[in-house]
Amino acid sequence: MTLGTDTMTSNITGEPILKVEHLSMKFGGLMAINDFSFEAKRGEITALIGPNGAGKTTVFNCITGFYKPTMGMITLTQKRGEHHLLERLRDFEITKIAKVSRTFQNIRLFSGLTVLENLLVAQHNALMRASGYTILGLLGFPTYRKASQAAVDKARYWLEKADLVDRADDPAGDLPYGAQRRLEIIRAMCTEPELLCLDEPAAGLNPRESAALNTLLHSIRDEGVSILLIEHDMSVVMEISDHVVVLEYGQKISDGTPDHVKNDPKVIAAYLGVEDDEVEEIAEKLDEGTV
Amino acid sequence: MTQSSASENLMGKALKEALFAGATAFGLFLLYVGIETYQNINNQLVWRTRWGMLAIFVVIAAVSRFLMVAFIVPHLDRRKLAKAKSGILEISDEKSFFHKHFLKIALFALVIYPMVSVMLAGTQGSLKYVDNFGIQILIYVMLAWGLNIVVGLAGLLDLGYVAFYAVGAYSYALLSEHFGLSFWVLLPLSGILAAFWGIILGFPVLRLRGDYLAIVTLAFGEIIRLVLINWTAVTKGTFGISGIPKASVFGIWSFDIGAANNFTKAFGLPMSSAYYKIFLFYLILALCMLTAYVTIKLRRMPIGRAWEALREDEIACRSLGINTVTTKLTAFAIGAMFGGFAGAFFATRQGFVSPESFVFLESAVILAIVVLGGMGSLTGIAIAAVVMVGGTELLREMEFLKHVFGPDFTPELYRMLLFGLAMIIVMVFKPRGFVGSREPTAFLKERKAVSGSFTKEGHG
């Protein structure tokens, strides 16, 4: 839903692109997320971290429309200054209209389609318009032929970035794991998103694949696309993210630069599991500057 | 020394397995074959034994198991070993001329088929070949290709496809009876009406997935049939509608006997219904080609790719901004439309429609053809239709079987048995259907077929 178009464009880096306010999600009696608020800034890589079961993927599913949040407001501000309230859009509209696209924790590729076809399916809406909702395309109008060529070119551009050109005509299910991860990311990029949400992109990757992923993510950020990612692997988080939000039991416990978060005693306690009084102790010591 | 002990070993093993197979066969067939019940003159149910027959069954099982273990399996193993040692790969990229030009050859054969059958069997004799084989098979090819869009491409299991066939047939029958519209007006109209019903069914149903969708579509098929039976004021119930007008050659020549522009009179041919059947053959061939053309074209459109993506992973589709509801609806509507075309054709060919033609068995046969052919593959489905429909038609011709099994034997009764047997055999040896691989719709460097082991069947 468009709230109104500001005349002022807000494509300056540092403006918030995604604003999550007082987000709560309840599954029956279980409060998966409780009054969670954070901001992701345009042009940055924001990481959402937390122990297992903290509610990271639930937050993702709320942002991308796969769950309807019980409470709260999720606002996306586009480059042109349009605001969209994501909790009011249906899941496919969030990608189509609000330009937020996502990947999944367990890779969801179209394994029986070729790599190239996967990338063409991602450009469905643009191609649909160009083919006059199939009718003009069936009649052989040149607009569709041009658009489909452009779609292949765009797919080739991203295949080169992800180093997958040689595998373009193979079925997606035939790719090795790391390549499937990269393919899922570039498939999401083919929808031309402004915000890319990645759910544990580095899970299960070997060090070399992990490095290839980092290069890909950096090149995506250089295109001006903001990234929001969930990650377990702290080395990846600390290396690539500009901003880290920490979630535990559905609540935010820390928010800031990677260095700030790394030294936050609450985060240390959440990850290492310390007794509550010890947390206070550590906090006191930190205040005194003895640690 | 070792050689002979190994062969002795093998013989001993074969003997043991043969005895075991014999014992199993004995256990299995003791009650089925060994004992037979029948009614005597006093209408009493009595039983008699058939030990001879039972012995034959057991001996066949034991002997074939013995031969299998002792000779056939070692022979095959030796051949495989020899091949592996020689280092020649079995896979070769060279395709035979027939394989490469299969589609052109098949199309050419179809076009000359009526002429050849007229030449070989005479005008009147060709009726059987053109009508019973040609038209009958092509109707099923068209129906299966239509259902293929829904089941094979979009992965939505539809068990009530025959409902759209019925809508098409009754649309033609009723509209031509009440409004006197010609076949060429009603053909597209029947398709549109069937598509409309597809959408009406689709709206409430397509939020269901998998088994649930299958059950509801099955129910829809039955609802349509029951409405046709019970709404006697309009459909005349089980009596059906007869006297449905014949199709004309684009309104120029008619096949009605009394008409001034009668086809046979216009060309000075002897009176025969064969010409009408030949015309119908080319008509259904053209309709099939239309279905194939539209399917091939649509697969390369964004909508076709979205259908296939939907079959692979619906959630991923939604994450890419594809409206899955409209995508499913278009698949349902277009599949239903071809069902409607086929229905209109069926009505004009039979000249008579009744609810009996649209029972669940028809849906099951069409679905079986799609699955046997390999979901998504037009060629495979066409082959499956020829095998299944042509095969059952062929059974009617097997008069010589009466000499083997006695004069009471009616081969047609074993239609469904053979149908089931064929399905089991194909599913054991080719679990993905005759053509299991899929052709990609776009390629960067070279077009490589995607193996069936990667594609999914869809979940709803």
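A: Happy to! Let's start in chain B, where α4(B) is followed by B:Gly155, a residue with a positive phi near 70 degrees. Keep in mind that this is a predicted model.

Q: Okay, and how many residues does α4 (residues 102-153) of chain B have?

A: Helix α4 of chain B has 52 residues. Its end C-alpha atoms are only 23 Å apart, though, while a straight helix would reach 76 Å at 1.5 Å a residue.

Q: Where does α4(B) bend, then?

A: Look at B:Ala121: α4(B) bends there by about 115 degrees.

Q: Got it. Staying in chain B, what about β1 and β2, in which sense do they pair?

A: Strand β1 (residues 35-39) of chain B pairs with β2(B) in the antiparallel sense, over five bridges. To find one on your screen, take B:Ile35, whose bridge partner in β2(B) is B:Thr49.

Q: And what sits between the two strands of that hairpin?

A: Five residues lie between β1(B) and β2(B). One of the residues in this hairpin, B:Asn43, takes a positive phi near 65 degrees.

Q: Is strand β2 (residues 45-49) of chain B largely in the open or buried?

A: Largely in the open, because the number of buried residues among the five of β2(B) is zero.

Q: Switching to chain A: how many helices and strands are there?

A: Chain A has 12 helices and 11 strands. Of its 291 residues, 46% count as buried.

Q: What about helix α1 (residues 56-63) of chain A, covered or open?

A: Mostly covered: seven of the eight residues in α1(A) are buried. Among them are A:Val59, A:Phe60, A:Cys62 and A:Ile63, and A:Lys56 is buried too. Just after α1(A) comes A:Gly65, with a positive phi of about 85 degrees.

Q: Now the contact between the chains. How many residues does each one put in?

A: Chain A gives 35 residues to the contact and chain B gives 33 residues. On the chain A side, α2 (91-96), β7 (100-102), α3 (115-122), α4 (124-130), α5 (135-138) and α6 (142-161) each supply at least two residues.

Q: Which element brings the largest share on the chain A side?

A: That's α3(A), with five residues.

Terms used: Residues numbered from 1 in each chain as written. Chains lettered and ligands numbered in written order. Predicted model: local features only at pLDDT ≥ 70, side-chain atom pairs only at ≥ 80, totals over all residues. Buried ≥ 20, exposed ≤ 12 C-beta atoms within 10 Å, placed from the backbone. Helix = DSSP H or I, 4+ residues; strand = E, 2+ residues; numbered from the N terminus. Pairing = 2+ DSSP bridges. Contact = placed C-beta atoms within 7 Å. Expected span 1.5 Å × (residues − 1). Bend = angle between axes of the 7 residues up to and from the residue.
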